[in-house]
Amino acid sequence: MIKIFLVEDEIIIREAIHKMIPWEEYGFTFAGEAKDGEMALPAIRSIRPDVLITDIKMPFMDGLELSRLVLKELPDTKIIIVSGYDDFEYARQAISLGVEQYLLKPVTKSAFIEVLEKIREKYEKEVEQKDYYEKFQKDIREYEKNTRRDFFEMLVSGKSKLADIYERAEQLGIDILSECYNLILFSVESGEKKREVVDVYTPEMGELLTSIDAMIQKDADYLLFRNQMFSYAVLVKASKERIEERTRDCMDELARMFELEKNRMEWFICHAGAVDRLSLVPQCYQEAMKTFALRYVGYSHVIQGRDAGARKERSDVDLRAIDTDAVNPDMIRNFLRQALPEEVEGFVSNYFCLIGEDALHSQMFCQYILLNVYFCVISFVQGLGFDKMRFQEQLSDLSVEQPGSLERMREAVAQMLARAIAVREESTKGKYKTLIQTAVQFLEENYMDESMNLNKVACAANVSANHFSALFSQEMKQTFIEYLTGLRMSRAKELLRCTDKRSGEIALEVGYKDAHYFSYLFKKTQGCTPSVYRNTSLNRKDG
């Protein structure tokens, strides 16, 4: 409902206006009234009405001054002035302030209703436009944020030339120049009971990640990227004097946000050591990833980069009195649920460090470790629906009953884990392929719906929106927004080439209610405006 506030010094007229209009019938709610501008202003600041109806001539503060103050603080407020003075100067001042209507007393009920209906129509269009603009801004942020995933891969892979990285950063509007760099890696997941394959995000998770994104965007020293499917990276940029301080600030703020969630989330943060060249960021990333693997072997929450590495190697860590808790099967299962194939080596190294060198001198204990891992992976693949006997055959070349040397034992554990992860990947591939096919078909049939969004498609695919976003990006090698935009732009180009429809008509046909938005996005994705594309296509035909 649209909130109305009335200011009129004559009580008879004020009551007449209040009672004359059946406000709710026309989509309004009478939110308050006052007898002059001075008394009205504090109430207006509190109520924040959508429409203000005010007289001009009032004691203490007249209607024009009240309108000026209200529009300064609440510029979207629609103002109707009702005056008994047929004076051009009053009308001129009202127009210059941006007042919607200037009505002369006495005002009939029909005239008042006509004005209110026009106000309501304009208000609703503006709200609709505002909602659409906010959606547009959100889509653009999502589009640009996710295109940065490829840039992050360029940055940390060590396979791209510096010139290419700088060029891509400039294209994306990313300020990558700095004296020093560091990387923070973090993962966060629901504290709910885990499944064999992680595929659930809670609403609390979505809200938390949105808050993290907002926090990072406020600080020019931080850049947020998606690292893996369910983990993230923050590139910290600062001077040599401040790089450690800025890294610690970000770590502390992330930890604070995670702690606020108490037991609802499980999380892990670590960082590497700072580097003074952009070309050394891949080395920084590899160091951080080694520490990041500690989340699978019982460490949790904040791990301070190189300190964690030292913790793995020190002999003074109390791991000698080893018991079965140190090789808890949940540790293996947690790793198998979430890990990538390339994380196996790091996990095995951390796992054996956790057990302790002294314990590994016992052949009996080593045999226990191998059998523990063996039964864990068998149980895991069975949970995925894979045939137990078939998987046991796949492990028949590994000696799990006789540990042998430490190196052979490490290799056997690594092979068992790697093969179980391969089964998991194959198992989920079919499931995810069907899910993505459903989503793609739904998009191809409904991309022209201007209200199409991630939630609608996720609902059609019967999966949570957050998980769908990550999964779609992983499987399709592009984000949901990129794919939807690509469908729409492909159809738009066809219409530009083959019809004489105007740009605004084409925008509506492919799912964009706002022609300016369509033109902006077309130029951003295709490199030219719709009109230039059409003219170029026509020239090619003529040629």
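In this predicted model, Leu 52 has Ile 79 of strand S4 as its bridge partner. Strand S3 covers residues 51–55 and S4 covers residues 78–83. These two strands pair in the parallel sense, over five bridges. Helix H2, residues 37–47, packs on the sheet. H2 touches S1, S2 and S3, and its direction makes about 165 degrees with that of S1.

S3 and S4 belong to an open sheet of five strands. The strand order is S2-S1-S3-S4-S5, and the pairing is parallel. Strand S2 (28–34) and strand S5 (101–104) stand at the edges. Each has a single partner strand, so one side of each is left without a neighbour in the sheet. From one strand to the next, the twist averages 20 degrees. In a regular strand, side chains alternate between the two faces of the sheet. Helix H1, residues 11–20, lies across strand S1 (2–7) and S2. H1 runs at about 170 degrees to S2.

Strand S7 (residues 222–228) pairs with strand S8 (residues 231–238) in the antiparallel sense. Six bridges connect S7 and S8. One of the bridge pairs joins Leu 224 to Val 234 in S8. S7 is mostly covered, with six of its seven residues buried.

The surface carries a nonpolar patch formed by Leu 162, Tyr 166 and Leu 177. Together these residues have about 280 Å² of accessible area. Leu 177 lies in the loop between helix H6 (162–172) and strand S6 (180–190). The relative accessible area of Leu 177 is 59%. Leu 177 therefore counts as exposed, the cut-off being over 50%.

Charged contacts were examined next. Side chains of opposite charge can pair when their charged atoms come close. With a limit of 4 Å between nitrogen and carboxyl oxygen, the count comes to 20 salt bridges.

One of the salt bridges joins Arg 120 and Glu 124. Their closest N and O atoms are 4.0 Å apart. Both residues lie in helix H5 (residues 109–157). Because they are four residues apart there, about one helical turn separates them. Arg 120 is partly exposed, at 21% relative accessibility. Glu 124 is also partly exposed, with a relative accessible area of 45%.

Another salt bridge joins Arg 246 and Asp 221, with the closest N and O atoms 2.9 Å apart. This pair links distant parts of the chain, 25 residues apart. Arg 246 sits in helix H8 (residues 243–260). Asp 221 sits in the loop between helix H7 (203–217) and S7. The relative accessible area of Arg 246 is 9%. Arg 246 is therefore buried, as the cut-off is under 20%.

Arg 491 forms a salt bridge with Glu 509. Here the closest N and O atoms are 3.3 Å apart. Arg 491 belongs to helix H18 (residues 480–498), and Glu 509 belongs to helix H19 (residues 503–510). The two residues are 18 residues apart, and their pair links distant parts of the chain. Arg 491 is partly exposed, at 24% relative accessibility. Glu 509 is partly exposed at 28%.

Methods: Residues are numbered from 1 along each chain as its sequence is written. This is a predicted model: local features need pLDDT of at least 70, side-chain atom pairs count only at pLDDT 80 or more; totals for chains, interfaces and linings use all residues. Side-chain values use heavy atoms; hydrogens and water are left out. Two strands pair if DSSP finds at least two bridges between them. Axes are lines fitted to C-alpha atoms, for helices over the stretch in contact, and angles run from 0 to 180 degrees between N-to-C directions. Contact means heavy atoms within 4.5 Å. Patches are made of residues with over 30% relative accessible area and no salt bridge: like charges are joined within 9 Å, nonpolar side chains (Val, Leu, Ile, Met, Phe, Trp, Tyr) within 5 Å. Accessible areas come from the Shrake-Rupley method with a 1.4 Å probe; for residues, only the protein chains shown count as cover. A salt bridge is a side-chain nitrogen of Lys or Arg within 4 Å of a carboxyl oxygen of Asp or Glu. Buried means under 20% relative accessible area, exposed over 50%, partly exposed in between (1.4 Å probe, protein chains only).
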